[in-house]
Amino acid sequence: MATPFHFVFLFLVGAPLVTSTVHDRSCGNDTNNFWLDVVLVIDNSENMINTNVYETISSIFGPKSQIGTGYKDPRSTRVGIITYNYNATMVANLKAIKSLQQLQTQLTTLKNAGNQVFEDSDQTNLDTGLLDAQYIFNNTYDRVNYQKVVIVFTSGYDYAMTSPDAIARALRSNFVNIITVNTGKDKTVSKQLATLASNKMAYSMSENITAELQNALATINCFCPDGWVPYKHYGVCLYTTRQTKHRANANQVCQSLGVPASLPTEFNQKKREFNYELLNSGNLRVNSYWNGLTNQNGSWYWEQPKGKPLIPVHWSSVNCANTFYFLCEAATCDTDNYCD
């Protein structure tokens, strides 16, 4: 039970380190719980030399994945499919495929259909595939809190015929993430595809491609609500209130932000430096602020979410009647934590 009079650590430059064995939470990466809108753009021309594309796609999603909508658990992924060669074919929009089994059946059908031969088999038009993906997202507005993804599978395209860069930029500017997979061996193609992909998410077919794509989707599916800032590669978001409060009032502000939040932890020097720089962004100049330390029965602990044990630490105290700036901390939206 907490002592009647609380003290909380006041940040001071040069303060001693906290326990180094405790870390911030990681992003969720359960492949059964992706909640995304994904459009597959698949080159099915004669020069598509790799035959494992459809098996790779099928293996990205966990065996209990909820594909489509209508599930009690909102962590579901919709999958649209576009094939292209000289022209694009919309095989399925985001509302057509309603289960993992139906997705796998459609992929098997496409594999059995084989690649398409057309008059000039050296000229595949990636523009047409990306334009159809853009059309799908522009006409589907019903899941605005879900991240959008395009995954391109191709062995190459002729820049004399197709210029996908502008379409890719337009997609990325509308918050659509682009993943590319070079299914061939041409390193020039890999360089071309890297200019289209988001955040270095350009890959080549290999024994590790399934894991690489799963990691890419987990990374995309780990994000912060509007107004919150992600803490590097961890599953943590931080919010700057630009307010000064007593400690208790500061915690109340965090708890009123619409997501489960509290004053932040600082398990190591890097996290402390990150928080300090975030507080001092803009026009603020802050040397001292509240964090999430609390005193119970004379011992100091980091506050933790309900149901998790407190984490002990050793610090000096200041009176909670003081007013200071503060940050709020919450978990990222990810496969372990659905956000409305």
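**Exercise 1.** Is Cys-222 buried or exposed, and at what relative accessibility?

Solution. The model is predicted.
- Step 1: take the cut-off, under which a residue is buried at less than 20% relative accessible area.
- Step 2: Cys-222 has a relative accessibility of 15%, so Cys-222 counts as buried.
- Step 3: apply the cut-off to Cys-27, which has a relative accessible area of 23% and is partly exposed.

**Exercise 2.** Determine which parts of the chain the disulfide of Cys-27 and Cys-222 links, and find its handedness.

Solution.
- Step 1: the bond itself joins Cys-27 to Cys-222, with an S to S distance of 2.0 Å.
- Step 2: Cys-27 sits in the loop between β1 (7-8) and β2 (36-43), while Cys-222 sits in the loop between α6 (209-220) and β8 (229-230).
- Step 3: the two cysteines are 195 residues apart, and the pair links distant parts of the chain.
- Step 4: the torsion about the S-S bond of Cys-27 and Cys-222 is about -60 degrees, so this disulfide is left-handed.

**Exercise 3.** Carry out the analysis for the disulfide of Cys-224 and Cys-237.

Solution.
- Step 1: the sulfur atoms of Cys-224 and Cys-237 are 2.1 Å apart, and the two residues form a disulfide.
- Step 2: Cys-224 belongs to the loop between α6 and β8, and Cys-237 to strand β9 (residues 236-245), so the bond ties together parts that are 13 residues apart in sequence.
- Step 3: a torsion of about -100 degrees about the S-S bond of Cys-224 and Cys-237 makes the disulfide left-handed.
- Step 4: Cys-224 is buried at a relative accessible area of 15%, and Cys-237 is buried at 0%.

**Exercise 4.** How many disulfides does a search of the whole structure find, and what pattern do they follow?

Solution.
- Step 1: the search finds four disulfides.
- Step 2: one of them is formed by Cys-333 and Cys-339, with sulfur atoms 2.1 Å apart. The torsion about the S-S bond of Cys-333 and Cys-339 is about -105 degrees, so the disulfide is left-handed. Both Cys-333 and Cys-339 are buried.
- Step 3: with bonded cysteines counted along the chain, the pattern is 1-2, 3-4, 5-6, 7-8.

**Exercise 5.** Which element of the chain has the lowest mean pLDDT, and which the highest?

Solution.
- Step 1: the chain averages a pLDDT of 87, and 86% of the residues score at least 70.
- Step 2: among the elements, β1 has the lowest mean pLDDT (39) and α6 the highest (98).
- Step 3: over residues 1-19 pLDDT stays under 50, and for this stretch the model has 63 contacts beyond four places in sequence.

Terms used
Residues numbered from 1 in each chain as written. Predicted model: local features only at pLDDT ≥ 70, side-chain atom pairs only at ≥ 80, totals over all residues. Heavy atoms only, no water. Disulfide = S-S within 2.5 Å. Helix = DSSP H or I, 4+ residues; strand = E, 2+ residues; numbered from the N terminus. Buried < 20%, exposed > 50% of the residue type's maximum accessible area, 1.4 Å probe, protein only. pLDDT = per-residue confidence, 0-100. Contact = heavy atoms within 4.5 Å.
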